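Please look over the sequence and the structure before reading on.

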Amino acid sequence: MNEKTAFITGTSTGIGAATAELLCSKGWKVYGTVRKISDAKDLTSKYNDRFEAVVYDVRDVESLPALTEKIMLDLGDKGLDLLVNNAGIAVAGPLEEISNDDFEMQLDVNVKAVFRITNAFIPALIKNGHSNIINIGSISGLFTSPFLGAYSISKFAVESMSDTYRRELLPFGVDVFCLEPGPIITPIWKKTANAFDKFAHSRYAPFLPKIADLSKKSVKKAKPVSEVIAVIDQIIQQKANKPRYVIAANKLFYNFFRHLLPDRFIDRQIKKKIYS
Ligand SMILES: NC(=O)c1ccc[n+]([C@@H]2O[C@H](COP(=O)([O-])OP(=O)(O)OC[C@H]3O[C@@H](n4cnc5c(N)ncnc54)[C@H](OP(=O)(O)O)[C@@H]3O)[C@@H](O)[C@H]2O)c1
């Protein structure tokens with residue numbers, strides 16, 4: 001049987017871990033990046049020879065060629081069936097207050113790494129003759145909320161990168177999908193839980209409690225990871241071929257109304273909700 005193969009970034013937790021689980025359960029061979037040796041051991045023992053842990057920080061530019069070469073050798077003539085650009089972080093806070101280092105890290109992990117890793121694997125994806133790239137974007141790549149600007153900027157870039165690769169790879173049998181989840185129950189929320197504390201003495205301090213409150217409300221409405229996995233499952237079964245999928249409660253807003261509503265109208269709603 002011709003075994004299907006995937007490379008997924010960020011498989012330690014959340015959407016990446018669940019994607020690895022889906023693919024391993026379907027008999028795929030998964031190369032998944034982790035940063036901790038303990039995660040590598042856990043995943044390898046959980047999925048046995050279905051999963052190969054690749055200990056790699058996506059910011060590491062230097063080791064990428066050797067890593068890719070090793071996997072390409074392993075794949076041989078088969079090539080790669082699927083690349084999932086999932087690893088991501090969310091840097092929250094007023095844009096004025098975000099440090100250069102944090103802004104750089106946000107773009108490096110969420111944008112530049114997607115560019116580097118995709119380019120590194122394109123030859124393997126083309127070799128296959130019929131393969132997919134799934135980029136994990138966000139509704140933050142469709143609509144900019146204040147105080148989540150750095151993250152939003154990175155996810156808008158993922159949208160554009162997805163369109164670029166999809167259109168440039170059209171002649172080569174590589175299709176590109178961008179998933180746009182709203183809040184999903186994963187550890188990412190805990191990682192940003194106290195993100196606003198360091199801005200307590202900034203000019204934005206009076207608005208932070210409201211922002212924290214809105215954020216808590218959206219976490220309460222967060223959807224299970226299974227909703228994202230269901231879309232990935234459809235894509236790998238070739239039952240879904242839209243270039244982008246919103247996975248959120250208010251799909252109509254993100255797919256439709258955000259284009260119709262004037263920006264000034266949305267600004268007024270934000271003013272009412274946060275600044276008054
Ligand atoms: N959860 C949501 O509400 C939501 C909504 C929309 C979009 N998304 C997107 O979904 C993707 C996955 O996030 P998640 O919600 O599943 O969060 P998560 O559980 O925090 O997973 C993030 C993954 O990315 C990895 N990662 C972070 N920085 C990395 C780096 N420098 N190098 C390598 N791996 C790195 C993490 O590895 P470590 O464990 O080693 O840190 C982890 O495996 C992200 O792109 C995120 O923006 C999430």
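Which helix gives the most to the shell around the ligand? In this predicted model, it is α6 that contributes the most, with three residues.

**The shell around the ligand**
- The ligand has 30 residues around it, and those that come nearest are Ser12, Arg35, Tyr151, Thr186 and Lys191.
- At least two residues of this shell come from each of α1 (14-25), α5 (149-168) and α6 (188-191).
- By residue class, the shell is made up of 14 nonpolar, eleven polar and five charged residues.

**Polar contacts and cover**
- The side chain of Thr186 places an N or O atom 2.5 Å from an oxygen atom of the ligand, and the side chain of Tyr151 has an N or O atom 2.6 Å from an oxygen atom of the ligand.
- For Val58 the backbone is involved, with an N or O atom that lies 2.9 Å from a nitrogen atom of the ligand.
- On its own the ligand has 880 Å² of accessible area, of which the protein covers 95%.

**Nonpolar cores**
- The largest nonpolar core comprises 32 residues, and Leu23, Val30, Leu82, Ile134, Leu179 and Ile232 are those with the most contacts inside it.
- When neighbours within four places in sequence are left aside, Ile134 is in contact with Leu82, Leu83, Val84, Asn85, Phe177, Leu179, Ile232 and Ile235.

Definitions and conventions:
Residues numbered from 1 in each chain as written. Predicted model: local features only at pLDDT ≥ 70, side-chain atom pairs only at ≥ 80, totals over all residues. Heavy atoms only, no water. Near = heavy atom within 4 Å. Polar contact = N/O pair within 3.5 Å; in protein donor to acceptor, adjacent residues only side chain to side chain. Areas by Shrake-Rupley, 256 points an atom, 1.4 Å probe, with all protein chains shown as cover. Helix = DSSP H or I, 4+ residues; strand = E, 2+ residues; numbered from the N terminus. Nonpolar A, V, L, I, M, F, W, Y, C, P; charged D, E, K, R; others polar. Core = buried A, V, L, I, M, F, W, Y, C linked by side-chain atoms within 4.5 Å. Buried < 20%, exposed > 50% of the residue type's maximum accessible area, 1.4 Å probe, protein only. Contact = heavy atoms within 4.5 Å.
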